[in-house]
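Let's take a walk through this model together. Have a look at the fold, and then we'll pick out a few spots.

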Amino acid sequence: MKKSLCVVGLGYIGLPTSVMFAIHGHKVHGVDVNQRAVEMINAKQLHIEENGLQERLEEAVDAGNFKASMEPTEADVFVIAVPSPIKEDKTANLDYVRKATEAIVPFVKEGNLVILESTVPPRTVEDVMLPVLEKTGLEIGKQLFVSHSPERVIPGKVFQELVDNDRIVGGINEESSQMTKELYESFVKGNIHLTDATTAEMAKVIENTYRDVNIAFANELAMISDRIGVNSWEAIKLANYHPRVNIHTPGPGVGGHCIAVDPWFLAELQPDLSQIIQLSRNTNDNMPVYTADQVEKLMKDQFIQDPKVALFGLSFKANIDDHRESPSLKVILELVERGISFTTYDPHIKENIASNQTQDMEEALDGADILVVLTDHDEFKALTPASIKEKMSNRVVLDTKNCLNLDHWKEAGFVTKRLGDSKNV
């Protein structure tokens with residue numbers, strides 16, 4: 001049965017989710033506080049980058065199933081997909097969730113379903129949303145149904161994973177869970193697992209915390225390898241041939257709206273019992289500092305005075321424009337603090353988000369002494385030393401993502417360094 005939906009939050013999760021519901025026949029009213037984003041969406045233009053989003057947005061709008069505004073409207077189902085960042089003190093900022101819930105209260109009617117998709121600390125539905133929804137005057141669980149169904153997608157593959165990935169649905173009661181399951185079945189082909197709201201919240205935070213701890217382990221291995229003369233990338237690859245080992249890869253840090261944030265939710269709830277989680281988070285947060293240290297070491301080893309560094313990659317992962325919590329931005333802050341001159345370039349980010357950012361790769365490389373690759377975009381993987389060596393003052397490259405064939409760069413006369421690989425210097 002087709003439903004009318006009101007989706008609050010039209011960012012990297014809310015917009016693709018809205019479009020998916022719309023192209024599967026539901027009537028979707030999207031809401032966002034960003035007027036420019038609303039205007040662009042209604043004009044079938046994108047304010048974010050995601051594979052397959054443009055054509056699906058056009059299909060949804062042209063079919064009359066999707067429109068956006070800055071105000072909610074009445075609907076059968078309300079979906080909240082707003083940010084849940086952390087504050088400076090590493091505690092959860094649930095203001096967006098709270099305000100979004102407050103915004104829909106005047107429009108909620110008996111029999112409606114409210115779904116929270118945002119990744120949040122356990123008990124957010126129970127302790128934050130339900131007290132607000134009680135203001136509707138409806139009996140929660142009998143007249144108004146509520147659930148948590150966290151997104152589980154990766155930027156760049158959102159539409160594939162919205163369909164194919166298993167989904168968790170945690171209702172405040174069985175009827176809430178079943179209503180939510182039936183809604184998502186309109187496009188989800190993966191299994192839909194039912195539980196309670198707090199367990200669903202916990203499961204999503206566990207998923208991202210597991211990955212953060214695993215990456216921290218890889219980063220520790222990389223730093224150890226730099227000290228003892230080992231290529232950590234090769235060692236990790238070989239270790240992963242063991243059937244019960246799956247170590248992630250090191251890098252200049254961890255970014256994004258989930259992995260760099262969610263572990264702090266558990267640390268905030270139980271600081272005394274989350275020592276491994278906090279150590280891992282601090283390890284990954286320190287990798288931009290370690291990366292800047294590697295830049296300085298290369299400068300000194302090559303006797304480069306007053307160097308200019310070309311930083312390639314500002315988004316937190318390959319082939320997307322999402323720069324939330326990107327370690328690249330923290331590397332920049334480290335270079336600023338150390339008084340090191342630099343330019344920044346990212347082919348996927350069109351707005352200026354960083355110091356000395358240029359939209360022209362040649363301009364970024366002009367007169368540079370060191371090229372530092374911070375994001376493994378396909379455009380950077382395709383770089384050849386012959387195409388850039390004449391533009392640089394010194395030929396030094398630091399690859400933090402293991403995305404360049406450094407043997408070719410060495411043959412072209414470059415001094416090369418791979419993060420976590422002291423054999424390749």
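The structure holds 7 aromatic pairs; rings of Phe, Tyr and Trp (its six-membered ring) count as paired if their centres lie within 6.5 Å, and planes under 30 degrees apart are called stacked, over 60 edge-to-face and the rest tilted. Take phenylalanine 21 and tyrosine 184: their ring centres sit 5.5 Å apart with the planes at 45 degrees, so this pair is tilted. The two come from distant parts of the chain, with phenylalanine 21 in helix α1 (residues 14-23) and tyrosine 184 in helix α7 (residues 174-184), 163 residues apart. Helices here are DSSP runs (H or I, at least four residues), as are strands (E, at least two), numbered from the N terminus. Phenylalanine 21 is buried, at 0% relative accessible area; buried means under 20%, exposed over 50%, and partly exposed in between (1.4 Å probe, protein chains only). Ring pairs also tie Phe21, Tyr184 and Phe187 into a cluster.

A word on the ground rules: this is a predicted model, where local features need pLDDT of at least 70 and side-chain atom pairs count only at pLDDT 80 or more, while totals for chains, interfaces and linings use all residues. Residues are numbered from 1 along each chain as its sequence is written, and side-chain values use heavy atoms, with hydrogens and water left out.

Now for some helix contacts. Thr209, Asp212 and Met223 are among the residues of α8 that meet α11, where Ile276 and Arg281 are among the partners; contact means heavy atoms within 4.5 Å.
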